[in-house]
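This report looks at aromatic side chains and how their rings pair up. The sequence and the structure come next.

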Amino acid sequence: MKKYFLTSAKVALVLVYLVIFAGAFVRLTGSGMGCPDWPKCFGYYIPPTEKKELLFTPNRDYEKGQVIIKDETLLVVKSDFHSKANFETTNWEKYTKHDYAIFNPIHTWVEYINRLLGALAGIFCLSTFIFSFGYWKKKKQLIFLSLLICVLMGFQAWIGKTVVDSVLNPIKISLHMLTALLIISLQIYSINSVQLKEKWIKFDAKFNKTLLFALLLTLFQILLGTSVREHVDLISESGAPKILWLQNPTITFYIHRTFSILVLLTNLYVWNRNRSLILNFQKINWLLYIIGIEIFTGILMFYFHFPFGTQTIHVVLATLLFGIQFYLFLRSLKKEKI
């Protein structure tokens with residue numbers, strides 16, 4: 001089992017990032033309520049593709065939990081039954097967790113694919129936990145770490161449910177993101193713990209401390225960014241045009257924008273120290289590429305009123321930046337072979 005652990009852990013990490021991307025795309029397309037219930041979608045494991053599938057149909061078999069839309073209301077089947085020519089209210093009950101009753105096939109399938117990726121990521125996290133028992137003799141803590149990741153994936157799924165039930169509460173969406181970052185951190189830590197030290201890498205204490213500072217700055221930036229996004233979401237949900245979304249930004253936005261300069265300078269210092277001392281951290285160049293795109297998309301959102309896709313790119317790259325910085329920091333601590 002031991003030989004499969006690293007592959008499974010890496011696949012799980014990639015899938016979690018795909019879930020983050022899918023989640024950001026859900027936000028971009030406004031598909032968050034594409035599936036108004038959880039874990040099923042309109043009461044189905046495979047959601048409908050046409051609205052007529054969600055309308056009452058005479059002479060049809062209905063199963064418990066299936067959903068229809070009637071008079072702009074979600075109705076749920078109480079128990080299995082075969083419908084007659086006329087609609088009978090005794091077979092149905094109103095969906096009470098919210099009153100959102102809109103079907104958009106594109107939104108539904110975007111949200112459904114997001115959920116499928118989440119389920120697939122959970123499966124690989126579980127397989128990673130199983131394979132971790134191969135380290136029972138030498139690294140028992142890896143088993144508990146893998147179990148914790150599985151628990152957090154379950155917690156993340158529960159948060160996803162509360163997000164839907166709350167009709168996309170911004171605070172719960174932010175908690176969803178922060179939990180994803182914690183899962184990423186633990187996955188990267190577990191991957192790093194079974195990798196050998198690269199013999200060509202040199203170690204420098206100042207590089208390590210500055211990299212840690214850069215990592216903390218990125219985390220702070222992400223927290224500020226979630227606050228800015230909550231403000232933008234509240235305005236956008238009011239129906240205001242994009243040109244007004246950041247017309248009167250909060251102080252958090254200005255702090256977020258100013259700190260981007262500090263993030264850039266700190267990572268430039270890390271990059272330069274790696275180059276001048278020939279520390280051989282090859283992935284260090286990725287940091288500057290990502291930060292450059294991050295700043296560029298930030299400029300586009302503010303000055304050009306959120307062009308399509310910029311929010312998704314901005315969010316996903318921020319989490320990728322965090323992951324790479326954390327991985328480099330762990331590698332800069334690696335001094336012993338397993």
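F253 counts as buried in this predicted model, with a relative accessibility of 8%. Y254 is partly exposed, at a relative accessible area of 36%. F253 and Y254 form an aromatic pair that is edge-to-face.

A pair of aromatic rings is described by the distance of the centres and the angle of the planes. By the pairing rule, the count comes to 21 aromatic pairs. Another of these pairs joins Y62 and W92: the angle between their planes is 75°, so the pair is edge-to-face. An angle over 60 degrees is what edge-to-face requires. Y62 belongs to strand β1 (residues 61–62) and W92 to strand β5 (residues 92–94), so this contact ties together parts that are 30 residues apart in sequence. Y62 is buried, at 2% relative accessibility, and W92 is buried as well, with a relative accessible area of 5%.

The values for these two pairs are set out below.

| Ring pair | Centre to centre | Angle between planes |
|---|---|---|
| Y62 and W92 | 5.1 Å | 75° |
| F253 and Y254 | 5.4 Å | 70° |

Which residues do ring pairs link into a cluster with Y62 and W92? The cluster also takes in F56, F81 and F87.

Charged side chains also lie over aromatic rings. K70 is placed over the face of F87, a member of that cluster, at 4.7 Å from the ring centre. R257 lies over the face of F302, where the distance from the ring centre is 5.3 Å.

Conventions:
Residues are numbered from 1 along each chain as its sequence is written. This is a predicted model: local features need pLDDT of at least 70, side-chain atom pairs count only at pLDDT 80 or more; totals for chains, interfaces and linings use all residues. Side-chain values use heavy atoms; hydrogens and water are left out. Rings of Phe, Tyr and Trp (its six-membered ring) pair if their centres lie within 6.5 Å; planes under 30 degrees apart count as stacked, over 60 as edge-to-face and the rest as tilted. Helices (H or I, at least four residues) and strands (E, at least two) are DSSP runs, numbered from the N terminus. Buried means under 20% relative accessible area, exposed over 50%, partly exposed in between (1.4 Å probe, protein chains only). A charge sits over a ring if NZ of Lys or CZ of Arg is within 6 Å of the ring centre and within 35 degrees of the ring normal.
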